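Here's a walk through how two protein chains sit against each other. Have the sequence and the 3D view open as you read.

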Protein chains: 2
Amino acid sequence: MNRTQLFENIKVRKSFLCVGLDTDITKIPKHLLKFDNPVLEFNRQIIEATSEFCVAYKPNIAFYESNGVKGWQTLQSTMDLISSDHFTIADAKRGDIGNTSAMYARAFFKKEESGFNFDSVTVAPYMGADSVTPFLEFKNKWVILLALTSNEGSKDFQFIKDTAGEPLYEKVLKNSQNWGNADQLMFVVGATRADELTNIRRLAPDNFLLVPGVGAQGGSLQEVAKYGMNKQCGLLVNSSRAIIYASNGEDFAERAYDEAKKVQQEMSMLLDKYLS
Amino acid sequence: MNRTQLFENIKVRKSFLCVGLDTDITKIPKHLLKFDNPVLEFNRQIIEATSEFCVAYKPNIAFYESNGVKGWQTLQSTMDLISSDHFTIADAKRGDIGNTSAMYARAFFKKEESGFNFDSVTVAPYMGADSVTPFLEFKNKWVILLALTSNEGSKDFQFIKDTAGEPLYEKVLKNSQNWGNADQLMFVVGATRADELTNIRRLAPDNFLLVPGVGAQGGSLQEVAKYGMNKQCGLLVNSSRAIIYASNGEDFAERAYDEAKKVQQEMSMLLDKYLS
């Protein structure tokens with residue numbers, strides 16, 4: 001999916017919601033355990049319930065990989081349930097030396113070799129340019145590079161300032177734009193504060209940002225839209241647990257529908273307000 | 001495998017060689033293509049040919065993942081061929097927020113859930129403490145943390161100096177030792193220069209170092225042993241292509257045997273010389 005198509009989907013669905021498929025068999029409703037593949041059945045019902053309200057799905061690869069070969073089969077079957085007008089993100093945090101990153105790119109992008117045809121993959125920047133560029137060689141495929149993550153450990157290295165006072169995550173944002181353009185490079189940005197978002201938009205005005213963990217309540221989505229939106233929206237805001245685990249009863253899909261709809265309605269207002 | 005057992009294997013086999021299983025179906029001898037699973041047959045013969053000369057095997061996960069579900073099956077079958085007195089490294093460069101890293105740890109360490117029972121996994125440090133510590137909660141399992149990698153892109157971020165003049169990779173070496181001790185934490189160090197190795201040993205005197213890409217010729221193995229070895233050897237030196245692709249003819253296993261033996265013989269001399 002290219003940037004024009006992604007923006008078109010955002011406008012049509014009035015949403016920039018990404019639903020995270022962090023499906024954990026110990027957290028899904030008990031009545032699903034009677035199915036041959038409970039995780040797949042859960043994903044099927046979640047995708048059906050949320051597809052009209054979101055523009056992207058983001059399976060967290062670890063949750064499938066932890067189940068070994070069977071987990072990868074479940075991931076593949078899950079991907080077959082997602083329509084081609086949803087942007088798909090392999091949240092895999094890969095990254096290695098050049099020829100190995102090329103293999104990871106084939107794992108997620110080359111359906112004829114791996115069975116997977118994701119639109120994008122999240123990539124860790126530590127190993128530098130040649131660990132990222134092999135992912136950028138696929139037409140209409142995207143790298144979503146970790147810049148500023150939202151976890152506690154982000155403070156350990158990402159904020160280290162160089163001798164010119166520039167923190168590491170800013171260097172990642174700047175240097176990586178020499179490797180790929182805004183039609184192929186997004187950033188993971190776990191920022192909700194106005195000053196951080198303003199600064200990130202100064203450094204990466206055109207790129208889409210994948211923002212994790214923003215709830216519908218509490219105003220943080222408002223801040224993200226106000227300070228993060230650009231002319232083509234430029235935002236994918238992820239919600240995982242708040243939607244997929246809205247209920248752990250038999251009504252989980254209806255409750256996921258309700259939650260996704262609620263977020264979409266707020267996003268619709270924000271698009272009207274800030275997308276000019 | 002714990003550190004005592006690893007060191008014992010090093011002394012018995014007089015080797016600190018790790019054989020990298022970066023098996024690429026386009027690079028293996030053509031006569032293997034007649035097998036049901038050519039990659040598995042190649043790995044089987046390579047493991048048989050090299051097992052007496054090495055102490056570790058390191059499958060590069062990307063090379064299996066690029067083949068999707070079938071690739072993961074091949075990886076699992078390959079691991080079943082490796083004896084328990086070889087240290088096994090999942091070269092996966094994983095790392096994510098806490099609960100997701102915990103899933104990746106289960107993927108590589110918890111055989112009853114994933115089918116895999118690796119001794120160690122390579123982990124990327126960008127996301128900080130909580131992305132690494134979940135891997136450290138498994139007894140006798142190891143994190144091999146990226147510190148200084150050997151690729152061209154290592155210069156992009158790893159050498160960035162903070163305001164006190166300390167480069168990022170040194171901060172990784174130092175800070176991470178607050179998360180785990182030398183019985184559970186190794187480092188990837190792509191260094192062969194005397195000054196770099198001396199400096200790394202100053203910062204991490206006790207930890208094992210996984211050193212990639214050192215050939216038997218050219219003296220670099222000599223430098224690594226001279227400046228990198230500690231009282232328990234503390235080195236795993238990887239060789240992938242020089243051994244596994246020593247020949248692409250029908251003699252590939254014999255040639256792999258010869259190459260592995262040659263490296264082991266040099267390592268034996270180096271252990272005699274520097275392990276006091």
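## How much gets buried

Chain B and chain A bury about 4,800 Å² between them, and carbon and sulfur atoms supply 61% of that. Buried area here is the accessible area (1.4 Å probe) that two parts lose on being put together, summed over both. On the chain B side, B:M103, B:Y126 and B:F157 lose the most area to chain A, together 18% of what that side buries.

A word on the ground rules: this is a predicted model, with local features needing pLDDT of at least 70 and side-chain atom pairs counting only at pLDDT 80 or more, while totals for chains, interfaces and linings use all residues. Residues are numbered from 1 along each chain as its sequence is written, chains are lettered from A in the order in which they are written, and side-chain values use heavy atoms, with hydrogens and water left out.

## Who touches whom

Going by contact (heavy atoms within 4.5 Å), 56 residues of chain B meet 56 residues of chain A. Since 100% of the interface residues of chain B are also interface residues in chain A, the copies meet through the same surface.

## Charges across the interface

Take a salt bridge as a side-chain nitrogen of Lys or Arg within 4 Å of a carboxyl oxygen of Asp or Glu. The closest N and O atoms of A:K93 and B:D96 are 2.9 Å apart.

Helix α5 (residues 98-109) of chain B gives the most to the side that touches chain A, with seven residues. Helices (H or I, at least four residues) and strands (E, at least two) are DSSP runs, numbered from the N terminus.
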